[in-house]
Amino acid sequence: MSVKSQRVLPGFGLALGYTLVYLSLLILLPLGGMILKASELGFGQILDIALGERSLAAFRVTFVSSLMAASINAFFGLIVAWILVRYPFPGKRFVDALVDLPFALPTAVAGITLATLYAGNGWLGSHLEPLGIKVAYTPLGIIVALTFITLPFVVRTLQPVIEDIETEVEEAAASLGASRWQTFVKVIFPAIGPALLTGFALAFARALGEFGSVIFIAGNLPLISEIVPLLIISKLEQYDVLGATALAVVMLAISFALLLLINALQWWAANRHKNSEPLEVSAGKAKAGEA
Amino acid sequence: MTHFRKSIATLLLGLLAGAALADATLLNASYDVARDVYKDYNPMFQKHWKSKTGESLELKQSHGGSSKQVRAVADGLEADVVTMNQANDIEFLADKGLVAKDWTKKFPNNASPYTSAMVFIVRKGNPKALKDWPDIAAPGIEVILPHPKNTGNGRNTYLSAWAWALKQPGGSDAKAQEFVGKLLKNAPLFAAGGRDATTTFMQRGLGDVLVTFESEAEMIAKEFGKGNFEVVYPSLTMQTEFPVAVVEKVVDKKGTRKQATAYLEYLWSKEGQENAAQNYLRPRDAELLKKYAHFFPTVKTFTVDEVFGGANKAFASHFKDGGSFDQIYVGK
């Protein structure tokens, strides 16, 4: 019953100390420095910078397109992960390796490639533009770039979780009379939901900070297709380090709040699932009895 | 493990040996597209210095966006010399006390060994007959340029159009702002940088006109073939300078003042000037300018100092937050 018995590996104290030092050096120190720098400005000044017309528009573009990209990946990434885990097909290992490519590719290369593909004379753009769909150099282009960049997050988070759900579980649900939809909604989704949320959150967070790929496809027009990281670069071009830090801190605060919210959601989802487990089992039994 | 240690030791020895070979090392922090210029210039200077003093020099290059490079130098990148494409970047180092306050006087020609001009690149045969600034500001024309707020190339285009409008009969700042606003409305996008704008125009076929450096036009010819585009010289355009300076703090610390100064002075030598010309940058040397006249047709130019009272002033009133660029987009 004691906590000690749960630890198989020794050295908890050392490892904890190491974790704290490591996280402090890597994350807290640079972020702390940034916040310290921003605090040279008053709260009012930071707000003034963040609430300027161009900044507001950039915040909207950044958050909306990141949210769209993460949502698209939550849906299609789930399908990809499911296929990769559940179905054997020729070239599966190859496809599996493809998923990681957006991680490895320099983001500028991704941006330039996507812009070339989706430009009016590109392979895809030349077919889309006659239909009235412009991707390159529009906000839609930003979403495309962000979707590309963040795909691995959802797929790689979901894969191990889907692997853990044995096919017997689906078979059991089916043999107990659940329809395919019911099996998905009541059995599979609760099991992968938290991981899906994690993948979504990772993709979203990554999209918010993405710069390299977006600037090559966005068009970068003020009020229309400027992202916050571009405004930060713009401030740095003016040697306005304080202004840049102010924007970064506001961005960080909003991102942190959103990630916290997603974590809370995830915690809630995981616990709800845990608590309701015995109930579902008894319900299942009752159903089986009726049958 | 021992194998690993051995290779580390060998590596370290190699590095030490490399450092010991040269009598002095100079680092030149430079803007992005200067790569070709200094790739050819550095061996030339090494040879010159060796024959003059017997000293072998190691020359290192660091390239990046002009203002990024300058920030790196301000933050401690130990560059002996900076060779940039915007005066206000070196002004920033002067403000920080890294470069002499009177750096423009330390070398001839405003400390800019060569120049370029902003020109139009149009499609073959100039189908829309674009000849001057008002033609490309007319409704229905698509203009490709890099972001005027974030890139030197874009800023030069912006200021060129402004200066043209200002010099027209009855021209005023208000009229110039209106004119530049019309021009910017013709931009379907702002490219991330000079080369990105070129790719967008040449490879992706976007736009009727690309505004860029004259030197870039020759690069385009190399890359995409001469027959695919035409260069148009507007009636008035900016003479863009490429200022250089010694980083006083670094050369004092490293004891490389002599070498660093000679390195920059040699840019004005016949060899240095000819190298610039061969890289399609207008040499200051009048004879060479004539010799390479086929690259450099006569064009009426202005300098930022003449029209805008200096690079810093131009930057402050046009590209700082709330400046004329922001006013065009956000309203007054």
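This is a predicted model: local features need pLDDT of at least 70, side-chain atom pairs count only at pLDDT 80 or more; totals for chains, interfaces and linings use all residues.

Visitor: What makes strand S3 (residues 81–83) and S10 of chain B a pair?

Guide: Two strands pair if there are at least two bridges between them. S3(B) and S10(B) have 3 bridges, so they count as a pair, in the antiparallel sense. In S10(B), B:Val244 stands opposite B:Thr83.

Visitor: Why are strand S2 (57–64) and strand S10 (244–246) of chain B called edge strands?

Guide: The open sheet has 4 strands in the order S2-S1-S3-S10 (chain B), with mixed pairing. S2 and S10 of chain B each pair on one side only, which is why they are the edge strands. Between neighbouring strands of this sheet the average turn is 20 degrees, direction ignored. Helix H2 (residues 35–53) of chain B packs on the sheet, where it touches strand S1 (24–31) and S2 of chain B. The direction of H2 makes about 165 degrees with that of S2(B).

Visitor: How do you know that strand S5 (residues 143–146) of chain B pairs with S7(B)?

Guide: The cut-off is at least two bridges, and 2 bridges join S5(B) to S7(B), so the pair qualifies. These strands run parallel, and B:Val143 stands opposite B:Val209 in S7(B).

Visitor: What about strand S4 (residues 114–123) of chain B and S7(B)?

Guide: S4(B) and S7(B) share 5 bridges against the required two, so they also pair, in the antiparallel sense. B:Val119 has B:Thr212 of S7(B) as its bridge partner.

Visitor: Why is strand S7 (residues 209–213) of chain B called mostly covered?

Guide: A residue is buried if 20 or more other C-beta atoms lie within 10 Å of its own. In S7(B), 5 of 5 residues are buried, so the strand is described as mostly covered.

How values were computed: Residues are numbered from 1 along each chain as its sequence is written. Chains are lettered from A and ligands numbered from 1 in the order in which they are written. Axes are lines fitted to C-alpha atoms, for helices over the stretch in contact, and angles run from 0 to 180 degrees between N-to-C directions. Two residues are in contact if their C-beta atoms, placed from the backbone, lie within 7 Å. A residue is buried if 20 or more other C-beta atoms lie within 10 Å of its own, exposed if 12 or fewer, and partly exposed in between; C-beta atoms are placed from the backbone.
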